[in-house]
Every structure is written in C-alpha cells, then in structure tokens.
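Subject: Model for your files

Hello,

Here is the structure we spoke about, with the notes on it below. Please look through them when you have time.

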Amino acid sequence: MTIKTLISAARLRTLPLSVAGIITGSAIARREDVEGFRTDIFVLALLTTILFQILSNFANDYGDGVKGTDNDQRLGPKRALQSGAITRSELKRVVIITAALSFLSAIALIYAAFGLENLGYVLIFLILGALCIVAAIKYTVGKSAYGYRGLGDVFVFVFFGLVSVVGSYFLYRQELPAYIFLPATAIGLLSVAVLNLNNMRDYENDKQSGKHTLVVKMGIELAKYYHYYLVVLAMVSMLGYSVWRLQMRWELLYILAFVPLVAHLLRVRQNKDLKLLDKELKVVALSTFLLSVLLLLGSR
C-alpha cells in the first residue's frame, strides 16, 4: 500500500460535488446574516464532508472489490482492490481509520456550532454524523448493501442534498425556513444525476454482477428520461428558491451553471456509447460545484 494508491482510491475528483451542498447552505446563511457567518464552522463543515466522501469512496472500493463487481469488464477506471494495489485487510483498516477521523471532525464541527449549551441539537447532529458514516459504508459493503438494491438514489438525495444543505444552514442559523429545502432539493437531484450517470456507464457490468441499481431495474432508455427530469427539476428548484427569496439581481449569478448542464443533457440524449458517459460525470459534478460557488459569490 502506497500513498499514491490511497490518493487514487480516495477518488479526489468526487470531492467538488461532495462540498457543493455545504457551500450552498453556507451561502444562503451568509446572505441572510453576513456578520453571523463563521469561518470556523464553514471550514470544519467542508473538512467533515470531505472525510465522509473519502470514507464512502474507500468503502465502495472495498465493497465492490469483495463482491467482484469491480472487474475487467467494468468501463470506469480501475479500483485499488481490483488492481491488487492494496489488500483487502489493508483497505478495511483504511476504512476504519477514515470513519474514526470523520466522526472526530463531526464532533469538532458540532461543538463549534452549538457548544455544550444546546444538548438537543448536539445529540441530533451526532446521530446525523453517525448515520452519514453508516450510509457511506453500507452503500456497497455487506449483504444488505443498499446500493445493490436500487436504493442508492434515495440515500444520495437525502445525504448530499437535504442533510448537506439544510444541515449546514442550520449550523449557522439554528432555524429551518421552508425555502431552504428548494436549493437542498436542487443539489440533491444533481447529485443523484451524477450517480445515475455512473450507473448508466456501468449498466452492463452491474447487470451481470448482480448489482441491481435503479438503472439496471429500469433499463437505459428510461434511465435517460429519468436523468433529464433530475437535471431539469434541479434547475427549476433553484429558480423557485430565487422567486421566493430574491433581493438582489446578482444573486442569479448561479444561472451561468445551467449552460453546461443544458449542453450535457443534449449530449446524453445523443449518446449511444455508454463508455462516453464517464466524461459527463465530471461535467455534472463540476457544474453543481460551480452553481454553489456562484451562489456564494452572489450572496456577498
């Protein structure tokens, strides 16, 4: 096991998408109370989310490797366990260490946001932190892995969208206005779109390996229509938030991120080679990240 192997298994290209929800929730909180925006909460929230994502990537490498889903027929890049660059016991140890670091980071974040005065909030967020760790691991690990039963889309929407955006907003504001669920829905849907692309790319191999993703259950043609709805509804959700809360025109700066998303949908519609969808993963992930950053810039 080498540092290069660990960096590869961490799949750093997934990190921009993972932090988009934190940036979005923080941007909206900052827009409402610039003076109440706290850099320590922002940094700790980013760190915790990045550790959760890396944990998920390590666990996915382990789970898919053990089950044999990662094999020579798979279209994506080779994984660490699949290639033999790391042993099963080494990767399992890495998963455990990363889980521990994730939870410690979550504790630091919760303490920074609530101290010891709001024990109710502390308990709720500790439970959320534990659930994030369990969800990251159980996606592919174990006999009851939910990613093998077509439930990955639901969990990605909940944790990348609702928990990430609403949770980060609450860390600053300690309130839950109804409108925060619109951008949370947008980020959640775009995150599911990335997963859907991944599952479309891996359709043939997943089908043969017994990984019953939603794409395997519905087939490629329906999966494409599902994909269109995910991306379009995400954009509509963001516009709905702006209609509800718009105060300054430059807050609409995030609409620039819609341009690559629309171009992406046209390419998916014309796609006939599933291998080419691997490039589209980066497009949607970076567009989601761009949307969140533009939202933050527009909140200044």
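**Arg-269 and Lys-224**

Apart from neighbours within four places in sequence, Arg-269 is in contact with Lys-224 and Tyr-228, where contact means heavy atoms within 4.5 Å. This is a predicted model, in which local features need pLDDT of at least 70 and side-chain atom pairs count only at pLDDT 80 or more, while totals for chains, interfaces and linings use all residues. Residues are numbered from 1 along each chain as its sequence is written, and side-chain values use heavy atoms, with hydrogens and water left out.

Arg-269 is found in helix α12 (residues 258-270); helices are DSSP runs of H or I with at least four residues, numbered from the N terminus. Arg-269 counts as exposed because its relative accessible area is 62% (buried is under 20%, exposed over 50%, partly exposed in between, with a 1.4 Å probe and protein chains only). Its C-alpha is 8.7 Å from that of Tyr-225, 44 residues apart in sequence.

Lys-224 lies in helix α11 (residues 220-245). With the same exclusion of neighbours within four places, Lys-224 is in contact with Met-200, Val-268, Arg-269 and Asn-271. Lys-224 is buried yet has no salt bridge, and the nearest side chain of opposite charge, Glu-221, is 5.0 Å away. For charge, Lys and Arg count as positive and Asp and Glu as negative, with His and the chain ends not counted. A salt bridge is a side-chain nitrogen of Lys or Arg within 4 Å of a carboxyl oxygen of Asp or Glu.

**Salt bridges**

By this rule the count comes to 10 salt bridges. One of them joins Asp-278 to Arg-13, with the closest N and O atoms 3.3 Å apart. That pair links distant parts of the chain, 265 residues apart: Asp-278 is in helix α13 (residues 277-298), and Arg-13 is in the loop between α1 (3-10) and α2 (15-32).

Arg-173 forms a salt bridge with Glu-32 at 3.4 Å between the closest N and O atoms. Here too distant parts of the chain are linked, helix α7 by Arg-173 and helix α2 by Glu-32, 141 residues apart.

Arg-201 and Asp-202 meet in a salt bridge of 2.9 Å, N to O. Arg-201 counts as buried because its relative accessibility is 1%, and Asp-202 is buried at 6%.

**Backbone**

Gln-174 has a positive phi near 55 degrees and sits in the loop between α7 (152-173) and α8 (181-201).

Regards

Conventions: Helix = DSSP H or I, 4+ residues; strand = E, 2+ residues; numbered from the N terminus.
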